[in-house]
Amino acid sequence: MTLADYLPIALMLILGVGFAAVMMLASWRLGPNRPTPEKLAPYECGIVPLQEPVERFPVKFYIVAMLFVIFDVELIFLFAWAVRFDQFGWAGIGAMAIFVALLIETLVYVWKRGALDWNVASRERYRRVVAPDAEVAPREAA
Amino acid sequence: MNVDYHALAPEIILGITVLAVLVVDLLRIPKYWTAVIGLVGLFAAFVPVLTLGFCESLDFCTEPETAQRVLFGGSFVVDTFSLVLKGLFLGATAVALLLSVGYIEEDRYWQGEFYFLMLCSALGAVVLASSRDLVTLFVALELVTGPTFLMAGWRKGDPRSNEAALKYFIIGVLSAAILLFGMSLVYGYTGELTFGGIRAATAALGDSALLTIGVILTLLGFAFKVSAVPFHFWTPDTYQGAPIPVTAYLSVVSKTAGFVGLLTLSYQAFAELRDVWGPLLWILAALSMTVGNLIAVRQDDIVRLLGYSSIAQGGFILVPFGAAVAGNVTGDQLEQAFFATVTYLLIYAVMNMGAFAVVIAGANRLKSTLIADWGGLSSYAPGLAGLLALFFASLAGIPPIAGWFAKLVMFSSVLGVDSGWATALAVIAVLNSVVAFYYYAKVIKSAWFDQVPDTIPAAELRGMGRAVAPSLQFALVLTAVGVLVLGIFPNLIADVGDVAKTVAAGF
Amino acid sequence: MLINQFLLLGAALFALGVYGVLTRRNAVMVLLSVELMLAAVNINFVAFDRLIGDELAGGQIFALFIIAVAAAEVGIGLAIILLIFRNRRSANVDELDLLKL
C-alpha cells in the first residue's frame, strides 16, 4: 500500500460528507420554514415532562455493586492459574499469594474508608474520625 | 522460575511505593507524607534504571549475554530504549507530583488517593516501556490511562472538571475497544502475541486485507491516545477542564506512553508492514501539525492554547514516522527516524512540563488563565515572566533552548530520505513551525510588552514570583535547567537517543 | 472450523457498539455500548484461539485480561457518571457543553 492507495478512501469521505452537506443545505434553502412553538418542541411521546424523575436508587447501591463487580471479576485470574497450578510449584503459589495479598490490601482500604458501611450515620463518624481533612468541595459556579 | 529481579527492580520498587502510599493514606498522619513517600519511591525507582543502564561499569551487576534482558518469554524486554523511556516517565511523574502538591493541598481534595492514582499510572508507563507483547502492552496502557480518567475529574464540585473526565473517559474506552479489535485481527492472522513472533509471522505469511485492517485499527487506537488529528476532539476540553497539574501529566506522561506504544508496535511488531503504517502516520502527522497549529492561533486561554499546542507538537513527533512512507528508505534512515522521535519525546517532556509549571504558578495568584490577563507580567513578576519566555521559546524552537534541537533532528530525519512524500512532509512541518512561532511569541509578547490590564491588581501581586510554593519552585528550576542544558549541550541527549535507537535495528 | 460465523458475530456486535456510542445520549448507555464492543473483541480472540490451536492459549488469556480491565473501566465510568449526576441531575452527554470553543 502506498499513499496513493488512500486516494479512494479520501474520495469516498469527500463524497459522503459532501452528499450530506448538499442535502442539508438544500432542505434549509429550498424548504418552507414557518416555525411554531409546537414544531420546535422536541418530539416526545405523551405529555411534556415537567421535571426530571426522582432518583430511584440510593447511591450506596452503586458503590457496593461496583465493588462487587471489581472483586468478583478479579477471580478470573485464579481460574487461569488453577488450570496449571500443579506445574508451577511453589513459585506459582507464591505469585498467587502476592496477587491475593494485593486484593486483600484493597479490601482493607475499601473497608477502612467506609465504603462497605451501609449505615449513613457511621459514614458521618468516619468522616469525622478517619479522614478529617477530606472536606466536601465547595461547589463552584458554572 | 528464574527471574532477573534486577531488570524488574524499577517496577517492583514503584509497585511497593504505590502500596505504601495507599496504606499510609489510611493512617492518621498528615497527608503530605503520601506525597513525600511517592517522591522518594520515584527517585528510588530511578536508581535501578541507572544501574541497569551503566551495567558494564558496575562490579555487582551481572551483564546479560545479549544487549537486552529478555524476561517472560519475550513479553518483557529491558533494553536501552526502554531504560531511557523509564527514566523519562519517572522524571516527568516526579515533576508532575511536585506540581500537584500545592494545587491539591490547597483544594483539600483526597490527596492520598490522588498520589496513589498518579503513581499507579506511572507504574503502567514504566511497564509499557518494556512491554513487547500485545497483552502486556494493552494492560500497561490501560494502567496508564485508567487512573487519569479519575484524576481529570478530581475537582469534584466543578462541573467543568466532571465534563472533562467524562469526555476523556468515553474517548479513552472507545479507543481501547478499537485498539483491541485491531489487535484481535492481528492475532488471528499471525497467531502470535509477542512482537517478535508477529514480525516473523508477517514476514513469512505476507500481506492480507485482514492484517492491514488489524494494523490500521491498532494504530488508530493509539492515535486517540496521542490525540492526533482527526482523533483529537477530547483533548482541548479535557486539558482545560482538568486540574492543571493533571493536564501537565496527561500532555507529557500519558501522551508519551501512547507514542512509546506506537514506536514499539510500528518499528518492531509491524516492521515488515511499513507500507501500511507509513502512509497512515504520514497523514496523521500532517493533519495534527496543521490543524493543531491553526486552531491554537485563535485561542485566548493559555491552557487551551497549550492543549492545541500539544496536539501540534504531537504532529511534529509523528513526522519522523512519515519518513517510512518512502519505498526506498534504508535501515539507517529508519533508525535515524526512531532516534528523532525518541529525542523529540525527551525534550518535549521537559519543556512542556516547564510551560505548565509556569502556568500553574501564574494562575495560582492571578486566578485567571486568559492570555490577556497575563499582560505585563514582567512588570510585577519578572522571574516568572522570564521562565515563561524560556519555555515558550523552547516550544517554538528558538536556539539555544532545547526545543530547537528536537526540531533539528526531526527535520533531518525526513530530509535525509530521498522521496517526494518525505520532503513534502518536511515542507509542511516548516510552514507549521512558522505558525507555531507566531502564537508562542504572542504569549511572550503579552507577558513582556503589554500593559497590565485594569482587572489585575499589579501592586498587590508584586513579588508573587517569590511567593510560589517551594515544591513548584523546585519543579521550575528542574525543568528550566533541563531545557537550558539540553539546548546548549545537545550532545547529551543525542547520546541518550543514540543508544535508544538500537531497538529499531534489523531492517 | 466455523470461524466465519464467529467473526461475523464479533464484527456485528462491534458495529452495534459503535452505533450505540455514536447515537445514545445517556452516558450509561454509551458505557454499555463500549462494553458491547469489548465483548465483540473477546469473541474474536477466543474464536481465533481455537482456530489457531494456540498452545499457550494466548487468545483466551487475552480475553480474560480484557474482561478484568473492562470491569475496572466500568467502575471508573460509573463513578464519573455518578459524580456528574449528583452535580447536574442528568446523565445526558449532549448537555455537557461548558467546554466549547
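Residues are numbered from 1 along each chain as its sequence is written, while chains are lettered from A and ligands numbered from 1 in the order in which they are written. Since the model is predicted, local features need a pLDDT of at least 70 and side-chain atom pairs count only at pLDDT 80 or more, whereas totals for chains, interfaces and linings use all residues.

**Chains A and C**

Chain A holds 6 helices and 0 strands, where helices (H or I, at least four residues) and strands (E, at least two) are DSSP runs numbered from the N terminus. Read from the N terminus on, the elements of chain A run α-α-α-α-α-α. Buried residues make up 1% of the 142 residues in chain A; a residue is called buried if 20 or more other C-beta atoms lie within 10 Å of its own, exposed if 12 or fewer, and partly exposed in between, with the C-beta atoms placed from the backbone. One residue of chain A, Ala10(A), has its place in helix H1 (residues 7-30) of chain A, and Ala10(A) is exposed because 10 other C-beta atoms lie within 10 Å. Ala10(A) is 92 residues from Leu102(A) in sequence, and the two are 50 Å apart in space, C-alpha to C-alpha.

Chain C has 3 helices and 0 strands, in the order α-α-α from the N terminus on. In chain C, buried residues make up 39% of the 101 residues. Of the contacts in chain C between residues at least 6 apart in sequence, 53% join residues at least 24 apart; two residues are in contact if their C-beta atoms, placed from the backbone, lie within 7 Å.

**Chain B and its helices**

The average pLDDT of chain B is 85, and 92% of the residues score at least 70, pLDDT being the predictor's confidence in each residue, from 0 to 100. Among the elements of chain B, the lowest mean pLDDT, 67, belongs to helix H18 (residues 458-461), and the highest, 92, to helix H5 (residues 134-152). Where pLDDT is low, the predicted coordinates should not be read in detail.

Helix H7 (residues 195-205) of chain B contains the buried residues Phe195(B), Ile198(B), Arg199(B) and Thr202(B). Seen down the axis of H7(B), these buried residues fall within an arc of 100 degrees, so they line one face of the helix; the arc is that of the directions from the helix axis to the C-beta atoms. The cover over the buried residues of H7(B) includes helix H6 (159-190), helix H8 (209-225) and helix H10 (244-269) of chain B. Just after H7(B), Gly206(B) takes a positive phi of about 80 degrees.

H6(B) also packs against helix H9 (residues 234-241) of chain B, at an angle of about 145 degrees and with the axes 8 Å apart. Here axes are lines fitted to C-alpha atoms, for helices over the stretch in contact, and angles run from 0 to 180 degrees between N-to-C directions. On the side of H6(B), the contact is made by Arg160(B), Ser161(B), Glu163(B), Ala164(B), Lys167(B), Tyr168(B) and Ile171(B), and on the side of H9(B) by Trp234(B), Asp237(B), Thr238(B) and Gly241(B). By class, this contact of H6(B) with H9(B) has 4 nonpolar, 3 polar and 4 charged residues, where Ala, Val, Leu, Ile, Met, Phe, Trp, Tyr, Cys and Pro count as nonpolar, Asp, Glu, Lys and Arg as charged, and the others, Gly among them, as polar.

**Loops**

| Residue | Phi | Place |

Ser227(B) is buried, because 28 other C-beta atoms lie within 10 Å, whereas Ala57(C) counts as partly exposed, with 17 C-beta neighbours inside 10 Å. Pro230(B) is also found in the loop between H8 and H9 of chain B, and the peptide bond from Val229(B) to Pro230(B) is cis, with omega near 5 degrees.

**Where chains B and C meet**

The contact between these chains takes 34 residues from chain C and 33 residues from chain B. On the side of chain C that touches chain B, helix H1 (3-23), helix H2 (27-52) and helix H3 (58-88) of chain C each supply at least two residues. H3(C) gives the most to this side, with 16 residues. The residues of the side of chain C that touches chain B divide into 25 nonpolar, 6 polar and 3 charged.
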